[in-house]
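Please keep the sequence and the structure in view while reading.

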Amino acid sequence: MTIAEAPIRMVVRPDGPTRDLEAAEKAARALLSALGVALDREGMAESPGRMARALAEMCTPRPFDATTFPNDRDYEQLVIERRIPFESLCEHHMLPFTGMAYVAYLPGKRILGLSKLARLVEWFAHGPQVQERLTQQIADWLQENLRPKGVGVVLEAEHLCMSLRGARVDGAATLTSAVHGLLRDDARARQEFFQLARVGR
Ligand SMILES: Nc1nc2c(ncn2[C@@H]2O[C@H](COP(=O)(O)OP(=O)(O)OP(=O)(O)O)[C@@H](O)[C@H]2O)c(=O)[nH]1
Ligand SMILES: [Zn+2]
């Protein structure tokens with residue numbers, strides 16, 4: 001059964017390994033010690049546990065019901081949710097990348113509860129990611145499950161692994177996009193999407 005027929009309940013990420021917070025805390029302690037960070041101050045005694053729980057939180061998406069409704073008046077223009085804030089973890093350095101998502105679809109038989117676009121972004125953002133894959137996963141999920149006439153997704157993000165260290169390009173923005181259906185094949189629909197999305201403004 002697809003979302004086009006009924007709301008579905010999304011459950012934990014199928015490829016996610018089981019997590020072991022005790023082992024994670026031990027490993028965080030070992031990592032900090034190996035880096036020469038002294039943990040014998042009162043303020044840091046509990047830090048390995050906090051570090052483990054914080055990372056676990058950032059790797060655990062919240063399940064949600066992707067509620068849909070019939071498109072009973074045949075609404076046939078774009079639905080766009082602009083400037084959805086998101087946080088993810090760059091899978092190369094495990095440092096955050098954060099930014100804004102712009103998600104749009106051209107409705108078919110059903111429309112999606114608006115908040116679900118934001119929840120969908122959060123769902124795929126949680127856990128180690130690269131921005132390109134994250135962008136495509138959001139677009140692919142909508143196309144495959146909602147079966148709209150088109151989908152457009154743009155992500156604009158700053159990668160801390162590029163701004164706080166390494167290349168040190170503070171403020172540089174990475175933009176990625178994914179389009180499906182009419183937003184891929186029809187130049188006017190695509191242009192309208194990018195015009196209405198007003199990325200960066
Ligand atoms: N394509 C892509 N690359 C990313 C993303 N996040 C981080 N990276 C890049 O992953 C690359 C990893 O390169 P490496 O040379 O193995 O790592 P590094 O020595 O830490 O590289 P520097 O960051 O240049 O110091 C870097 O160029 C990062 O900027 C992402 O979402 N997509
Ligand atoms: Zn990185």
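Against which elements do the buried residues of helix 3 pack? In this predicted model, they pack against strand 2 (65–66), strand 4 (79–90), strand 5, strand 6 (110–112), strand 7 (128–129) and helix 4. Helix 3 comprises residues 115–125, and its buried residues are Lys116, Leu117, Leu120, Val121, Trp123, Phe124 and Ala125. Just after helix 3, Gly127 adopts a positive phi of about 115°.

Ala118 also has its place in helix 3, but this residue counts as partly exposed because it has 16 C-beta neighbours inside 10 Å, where burial would require 20 or more. Leaving aside residues up to four places away in sequence, Ala118 touches Glu81 and Ile84. The C-alpha atoms of Ala118 and Arg83 are separated by 9.5 Å, although the two residues are 35 residues apart along the chain.

The chain contains 7 helices and 9 strands. Its C-alpha atoms fill a box of roughly 65 × 40 × 25 Å along the principal axes. Of its 201 residues, 26% count as buried. Among the contacts with a separation of 6 or more, 73% are between residues 24 or more positions apart.

Strand 7 and strand 4 run parallel and are joined by 2 bridges; here Leu89 has Pro128 in strand 7 as its bridge partner. Strand 4 is joined in turn to strand 5 by 9 bridges, and these two strands run antiparallel. Within this pairing, Ser88 has Phe97 in strand 5 as its bridge partner. Strand 4 and strand 5 form a hairpin with 5 residues between them, and Met94 in the turn has a positive phi of about 55°.

Further along, strand 5 (residues 96–106) pairs with strand 8 in the antiparallel sense, over 10 bridges. Leu106 stands opposite Gly150 of strand 8 in this arrangement. Strand 8, residues 150–159, has 8 of its 10 residues buried and is therefore largely enclosed by the rest of the structure. Strand 8 also pairs with strand 9 (residues 174–181), again in the antiparallel sense, over 8 bridges. Two positions illustrate this last pairing: Val151 stands opposite His180 in strand 9, and Val154 has Ser177 in strand 9 as its bridge partner.

Asp186 lies between helix 6 (182–185) and helix 7 (187–197). Asp186 and Gly150 are 36 residues apart in sequence, while their C-alpha atoms are 9.7 Å apart in space. With 15 other C-beta atoms within 10 Å, Asp186 is partly exposed.

Attention now turns to helix 4, one of the elements against which helix 3 packs. The buried residues of helix 4 are Leu134, Thr135, Ile138, Ala139, Leu142, Gln143 and Leu146. Viewed down the axis of helix 4, these buried residues fall within an arc of 160°, so they line one face of the helix. Just after helix 4, Arg147 takes a positive phi of about 50°.

Which residues surround ligand 1? The shell consists of Cys90, His92, Val130, Gln131, Glu132, His159, Cys161, Met162, Gly166 and Ala167. By class, the shell around ligand 1 has 5 nonpolar, 4 polar and 1 charged residues.

Methods:
Residues numbered from 1 in each chain as written. Chains lettered and ligands numbered in written order. Predicted model: local features only at pLDDT ≥ 70, side-chain atom pairs only at ≥ 80, totals over all residues. Near = placed C-beta within 6 Å. Nonpolar A, V, L, I, M, F, W, Y, C, P; charged D, E, K, R; others polar. Buried ≥ 20, exposed ≤ 12 C-beta atoms within 10 Å, placed from the backbone. Helix = DSSP H or I, 4+ residues; strand = E, 2+ residues; numbered from the N terminus. Arc of directions from axis to C-beta. Pairing = 2+ DSSP bridges. Contact = placed C-beta atoms within 7 Å.
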